[in-house]
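Open the model in your viewer and keep the selection tool at hand.

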Amino acid sequence: MVETFYQLLLSGEQPYHRVRHLELSATVYANRRTAMAFADGDMLLLDELFMLPRDAERSSFDLNRIETPDWRGVDITKESQRDEKRPDSIQRRIIDGLLAQGDLHEVIVDDDGAGESADVVAIRLAGSKMVAELYHCKYSADPKAGARLGDLYEVCGQTQKSIRWRKRPDIFLNHLLKREGDRRSAGRPSRFEKGSRANVVGWLNRWQKLHYEFHAIIVQPSFSKAKAEQSRLELFSATQSLLMDTWG
């Protein structure tokens with residue numbers, strides 16, 4: 001069976017410590033990898049340096065946060081459902097799973113494409129709190145599950161960029177509305193898999209009165225939990241630390 005689906009929950013001990021914000025030259029910034037691992041275990045994510053503790057045992061990413069659903073029937077080399085809603089794509093499997101949860105989510109959006117907030121966005125209102133789940137999917141470069149670092153760098157980088165949406169929820173909601181308008185103007189199917197623009201407009205009209213909880217969720221079927229190496233888990237830990245330090 002192909003594994004794995006892992007979720008970065010914004011709680012728990014941070015195994016990495018962000019020590020400083022780095023000013024990078026334009027050349028270095030343009031050519032940098034989303035994540036860079038140094039020989040001593042430190043990591044540079046975007047322009048933030050994360051340093052592993054030197055005087056204590058390193059705490060790794062909690063394997064209990066890695067879920068292993070059944071990916072049978074999914075071609076893990078296909079990431080996007082596209083307009084035709086490919087049933088064997090990774091994105092479609094996530095959407096179908098969310099829809100199967102019944103009334104839990106009020107809105108489910110396919111935000112896939114250049115400029116996306118995530119591949120799939122699921123939102124619900126719990127009293128005066130908006131809970132947004134951002135699912136970041138990554139196809140596999142190989143039809144067999146393993147632990148390819150290249151695949152993980154890319155999807156972790158996408159997840160790290162989720163930070164900006166929590167800072168200004170109104171911009172996030174406007175983003176979803178604009179993306180829907182642009183797609184419909186092009187004569188393409190709606191991005192809304194559940195709910196509608198009316199839901200988002202209603203939240204936007206009172207966004208300053210709401211509280212917010214954001215979850216960043218990585219979907220990477222090509223990663224095998226059984227083959228998880230320390231260097232891979234440290235990449236997850238650094239990504240988690242960045243989100244926790246920013247979102248709280």
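Select R183 and D110: both are buried, where buried means under 20% relative accessible area, exposed means over 50%, and partly exposed lies in between (1.4 Å probe, protein chains only). Their side chains meet in a salt bridge, at 4.0 Å from N to O; the term stands for a side-chain nitrogen of Lys or Arg within 4 Å of a carboxyl oxygen of Asp or Glu. R183 sits in helix α5 and D110 in strand β7, so this pair links distant parts of the chain, 73 residues apart. Helices (H or I, at least four residues) and strands (E, at least two) are DSSP runs numbered from the N terminus.

A word on what you are viewing: this is a predicted model, in which local features need pLDDT of at least 70 and side-chain atom pairs count only at pLDDT 80 or more, while totals for chains, interfaces and linings use all residues. Residues are numbered from 1 along each chain as its sequence is written, and side-chain values use heavy atoms, leaving out hydrogens and water.

Now pick R188 and D83, whose closest N and O atoms are 2.7 Å apart in another salt bridge. R188 lies in the loop between α5 and β10, and D83 in the loop between β6 (66–67) and α2 (90–99), so the pair ties together parts 105 residues apart in sequence. R188 is partly exposed, at 35% relative accessible area, and D83 is partly exposed too, at 27%.

Return to helix α5 and select E180 and R184, which lie four residues apart, about one turn of the helix. They form a salt bridge as well, with their closest N and O atoms 3.7 Å apart. E180 counts as buried at 4% relative accessibility, whereas R184 is partly exposed at 47%. Keep D83, D110, R183 and R188 highlighted together: salt bridges that share partners join them into one network. The whole structure holds 16 salt bridges.

**Next stop: the nonpolar cores**

Which residues have the most contacts inside the largest nonpolar core? Select I123 and F172, which hold that place in a core of 20 residues. A nonpolar core is a set of buried Ala, Val, Leu, Ile, Met, Phe, Trp, Tyr and Cys residues joined through side-chain atoms within 4.5 Å. At least two of its residues come from each of β7 (107–110), β8 (120–126), β9 (129–137), α5 (169–185), α6 (197–204) and β11 (211–219). The largest share, four residues, is supplied by α5.

Show the neighbours of I123: among the residues it touches are V107, M130, F172, L176 and W203, leaving aside those up to four places away in sequence. Contact here means heavy atoms within 4.5 Å. Apart from this core lies another, of 13 residues, including V74, A122, I217 and V219.

**Next stop: helix α6**

Select V200, W203 and L204, the buried residues of α6. Looking down the axis of α6, you will find them within an arc of 100 degrees, so they line one face of the helix; the arc is that of the directions from the helix axis to the C-beta atoms. Their cover includes β7, β8, β9, α5 and β10 (192–194).

**Last stop: the whole chain**

Zoom out to take in seven helices and 11 strands. Of the 248 residues in the chain, 48% are buried. Among contacts between residues at least 6 apart in sequence, 70% join residues at least 24 apart.
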